[in-house]
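Here is a short walk through one structure. It covers a helix pair and then a sheet.

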Amino acid sequence: MLEEMLATYPEPQGRFDELFEARMQPRPHWSRFLSELSAASPSGIRERLLAAERRIRDSGVTYNVYADPMGHDRPWDLDVLPLIIAPDEWQQLEAGIAQRASLFNRVLGDLYGEQSLLKEGLIPPSLILGQSGFLRPARGMRVPGGIHLHVYAADLARSPDGRWWVMADRTQAPSGAGYALENRLVVSRTFPALYRDLGIQHVARFFATLRDSLMQFAPRGDGQTLTVLLTPGPYNETYFEHALLARYLGFPLVEGGDLTVREGRVWLKTIGGLKRVHAILRRQDDNYCDPVELRADSALGVAGLMDCARRGSVLIANALGSGVLESGALLGFLPRLSEHLLGQPLQLPSIATWWCGEAAAQADALEHYQKLVFKPADPGQGFETIFGQDLDERGLATLRKKLAAHPERFVAQELVRLSQAPVLVKGQSEKIAARNIGLRVFAVASPNGYVVMPGGLTRVASSADVRVVSMQRGGGSKDTWVMSAGPVDSSFTLLRNTVTATDLVRVRAGIPSRVIENLFWFGRYQERCDDTARLLRVALNQKLQETEDEENALTPILALTRAFGVLEDEEKDADIDVALMGASTLETHPLGLPANLRALERVAFNLRDRMSLDNWRTINGLIKDPVFGRKATLSDTLNWLDRNVTSLMTLSGFALDGMTRDDGWLFLSIGRRIERLAFQCLALHVAFRNSSDSGLGWLLSLADSAVTYRSRYMARPEWLPVLDLLILDGANPRSVVFQTGGIAADLAKLELNYGACGSDLLAAEVAALKKINPARDLQPDNAQLRNTIDALRHTAFSISDHLTQRFFNLARTSIWATLGM
Amino acid sequence: MTEHTAYRVVHETRYTYSDTVTSAHQLGHLRPRATPWQKIKSHKLIIAPKPVEQVIGNDYFGNEVLRFMIDTPHDELTVRAESVVDVESHAPDAAAGSPEWEQGRLAPGVWGPAVDLDIEEFRVPSPMAPVSDEALEYGRASFTSGRPWLEAMLDLTTRIQKDFVYDPKATTVTTKVSEVFALRRGVCQDFAHLMISCLRSLGLPARYVSGYILNRPKQGAARVVGADASHAWVAGHCPEHGWIAFDPTNGKLADIEFITLGWGREFSDVTPLRGVVLGAATQTLAVEVKVQPL
């Protein structure tokens with residue numbers, strides 16, 4: 001079996017092969033893994049693969065690419081075969097990574113302090129001073145604990161002789177640790193026995209160290225230490241990771257607008273007021289962090305953050321300005337810096353790299369250009385990497401000219417022949433092929449020095465002949481298994497950390513106002529989708545039964561579809577069937593079901609760190625449904641509407657049964673109730689004016705109340721009992737009284753904490769509802785009833801406006817930079 | 001005895017917003033910098049509405065920087081700085097001798113064992129005063145081989161004044177040097193950036209200086225109140241005489257008529273007032289500067 005799978009596995013052709021030391025001769029640390037694979041049947045392997053793929057899809061792991069014309073999400077591309085690393089080899093890497101992190105921390109301390117490295121010429125001054133990542137306002141800032149570099153990552157490559165080299169250093173806001181975690185969760189479940197038997201080191205402790213160290217280093221005061229994860233927002237390519245890490249580490253996920261600076265400190269805007277922030281794990285780039293002192297055109301930042309950093313009133317990981325070390329131009333100077341600052345030789349070498357600003361290096365680079373790649377010395381002033389071997393005569397002449405004019409803008413780096421590792425070929429999972437790989441490893445600062453994650457993110461080239469591995473260019477990834485020399489410390493998981501009674505948090509304090517707004521709209525859109533689906537279903541079913549006795553019903557239903565906006569004007573929708581089916585499945589209808597589902601998806605997208613994955617999975621299931629966005633037959637459309645009603649009911653179930661009843665839940669609940677009440681009132685409004693006594697069945701099925709009605713009355717729908725059920729019956733969750741009372745109760749709960757929230761707006765209608773006398777008033781032409789229902793619909797929207805004013809505006813202020821003369 | 005003049009400078013900035021602003025973070029470079037030739041006799045700030053916080057510190061370049069935050073709702077923000085300074089004559093004689101300009105030059109990848117960061121800081125390009133072929137070419141016409149530094153600097157200063165038209169409508173605070181080259185028009189800020197670009201392209205260090213210039217009334221005409229504005233010029237580093245300031249807008253050495261607020265690599269380092277406000281839709285800005293010899 002194994003031989004078959006490996007039949008087309010290529011010779012390394014001058015590369016290092018991670019799997020084999022000679023033809024079909026596996027390296028010792030791979031042999032267990034291979035024998036397990038060979039013992040498995042093809043169907044067994046396929047089953048595992050499918051399970052892994054399902055896990056990835058279900059957890060919504062994505063990587064967003066700005067340049068992706070297909071929209072925001074690309075599913076995460078994970079190869080289930082891990083990269084296995086032997087224990088002795090790892091120990092060396094680990095020590096080298098930790099040393100590099102310490103070195104960089106020292107260099108940052110100097111560049112933003114004494115600057116003796118520049119004064120003494122250990123680093124060319126123009127290399128740092130001319131770097132767009134060098135933040136002058138950050139000089140002299142007091143970093144808590146003396147740590148600039150909390151999280152560090154290095155991109156490693158293995159050369160043909162088997163040695164590991166650093167290709168690039170990530171010192172600003174390294175990404176990938178969260179993806180490594182996700183890969184681990186998936187792959188360890190794909191090969192659970194092997195994972196245990198091989199003694200693979202766990203990565204959970206790394207994340208706990210990160211969380212605890214930030215807390216330890218953070219400045220104290222103002223109660224419980226609050227750490228937040230600062231993200232540029234859902235459109236960032238690694239937003240999924242931000243959400244995942246925030247959830248895993250237990251940090252609120254915030255955007256710049258959620259934070260504010262007062263009294264030289266950073267505060268989180270919550271519905272309960274401002275909460276002091278002690279530490280910020282940031283995924284936002286240096287220059288975008290503060291529009292007052294850094295890039296004035298940045299709407300993402302926090303005005304005054306730089307000043308707080310200078311005062312040391314907040315820990316920022318990594319410290320502002322740490323991106324300056326990401327220039328490849330520094331690599332050549334590291335050995336000397338290591339000797340100078342640490343008194344030790346640099347343990348983990350960088351790939352041969354020259355800053356062309358040095359005259360000798362420039363000449364050298366041009367001579368050997370075919371073996372080199374040319375990169376920008378300033379990552380902030382990017383241009384595409386130039387491969388020397390690709391240059392024709394004209395290309396070379398252009399490069400020469402550019403180098404002669406501005407040599408300091410270039411870095412020349414040796415082109416590594418990346419090692420190759422086995423991957424399972426997609427589609428034909430019995431075959432194992434080889435791809436070039438690179439390895440990103442991570443270190444985190446702790447009070448006991450730098451701790452390296454035992455593992456990392458193995459990045460896989462997108463095809464066999466690709467020279468660089470990059471997530472942005474469509475590459476994939478692997479889990480990285482580091483075998484342990486001794487027994488694995490498995491007693492530890494992040495979720496079972498020691499929590500004492502005083503640490504217990506019953507209701508999450510400090511929900512950002514922005515999150516509250518999204519939860520509110522999640523509730524509203526969820527209900528609006530449900531209303532839309534039910535309405536379309538009732539309308540299409542009615543069309544099917546036109547010959548039956550309820551022929552009159554079509555008129556009010558169509559009137560409602562127009563009043564609700566699902567169908568546009570009559571002329572445009574000349575063919576009712578086509579229009580109804582279009583509104584059901586096509587995104588072109590502005591208020592059709594797909595458009596509303598998209599809106600729901602968008603809001604859910606913004607809430608990915610808040611809601612359980614089941615919510616996301618349920619919505620994703622609808623958006624990815626084969627019918628969504630396509631023309632469908634009538635029966636396919638009806639089935640699709642059924643699926644919607646069921647899935648949306650499932651969502652309600654999650655909210656009802658799965659969500660903690662905190663203030664966020666209250667807002668979600670109020671959002672749903674407002675939408676439902678408004679829809680029910682609109683339906684009644686239309687029914688009063690268009691329905692005859694004989695055709696009220698549609699109104700009952702729309703309100704999901706047909707079964708109740710039948711069980712109570714065993715008769716055809718008539719106005720009095722129908723209106724009683726839909727308006728006055730306090731036990732029917734679709735009734736007007738039920739929803740009105742629910743909104744009033746929810747608002748009353750909010751008012752306990754936040755003062756007036758608009759429940760007074762409801763008072764008049766609540767009183768009017770109480771005064772309704774069934775015998776006298778429950779008639780479609782009763783003016784008072786009509787007025788009350790219409791007024792309630794308006795009130796529902798007024799409450800929405802009121803909540804927006806009261807709670808959401810804080811999150812929505814626009815920013816204007818004032819650049820004066 | 002060295003000639004000197006005392007000045008009273010009033011610099012008032014007023015933002016008017018179309019909607020109420022709920023909070024504002026501002027950063028100002030409004031206090032004249034003390035130097036060997038410039039003494040600050042008094043300095044007063046009046047900010048309305050009253051800031052909830054107001055802190056004074058120093059920036060990276062040693063200038064005094066003012067930071068304040070307002071959290072009362074307001075439709076208008078006024079910042080008024082009143083300073084009394086005494087300026088001594090300090091510029092060298094235009095005909096004084098100086099070393100060949102090449103002595104002050106350094107290529108990017110060349111650095112000595114003892115680096116003067118106060119000079120190197122201003123040799124590297126910055127976003128608004130970058131190095132370019134165009135600037136190099138323009139500068140070279142003045143910096144011919146072996147020419148004395150002072151002579152070459154003055155030549156460049158006067159050429160800019162002659163070649164470019166002062167036109168407040170032609171550019172904005174974000175206009176790039178390349179655009180100024182194309183337009184051949186601009187204001188003091190544009191000419192300063194352009195001159196700095198030329199010098200840096202030649203491998204010479206150059207500072208952007210922010211401040212005020214005395215607006216002398218023409219013969220017979222009355223002094224026009226409010227006709228003055230904040231000004232900007234350039235300082236170059238002479239291997240022999242140190243930092244010397246030139247005004248490309250007026251084509252001359254900057255001396256006793258110039259009041260220095262501070263310096264940096266470019267405008268954005270020493271913007272008199274910049275900041276972020278929350279809540280406004282649009283804003284209008286009015287600046288009034290009065291420079292009075294005492």
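Helix 15 of chain A passes helix 18 of chain A in a left-handed crossing (the near helix is turned anticlockwise from the far one by less than a right angle). The model is predicted: local features need pLDDT of at least 70, side-chain atom pairs count only at pLDDT 80 or more, and totals for chains, interfaces and linings use all residues. Residues are numbered from 1 along each chain as its sequence is written, while chains are lettered from A and ligands numbered from 1 in the order in which they are written.

Helix 15 spans residues 513-544 of chain A and helix 18 spans residues 593-606 of chain A. Helices are DSSP runs of H or I with at least four residues, strands are runs of E with at least two, and both are numbered from the N terminus. The two axes lie 9 Å apart at about 160 degrees. Axes are lines fitted to C-alpha atoms, for helices over the stretch in contact, and angles run from 0 to 180 degrees between N-to-C directions. Helix 15 of chain A is therefore roughly antiparallel to helix 18 of chain A (over 145 degrees).

Which residues meet? From helix 15 of chain A they include A:Trp521, A:Phe522 and A:Leu536, and from helix 18 of chain A they include A:Leu597 and A:Val603. Contact means C-beta atoms, placed from the backbone, within 7 Å.

Now the sheet. Four strands of chain A form an open sheet in the order 13-16-14-15, with antiparallel pairing. Pairing needs at least two DSSP bridges. Strand 13 (353-355) and strand 15 (386-387) of chain A stand at the edges with a single partner strand each, so one side of each has no neighbour in the sheet. A:Val373 stands opposite A:Phe387 in strand 15 of chain A.

Note on methods:
Parallel < 35°, antiparallel > 145°, perpendicular 65-115°, else oblique. Contact = placed C-beta atoms within 7 Å.
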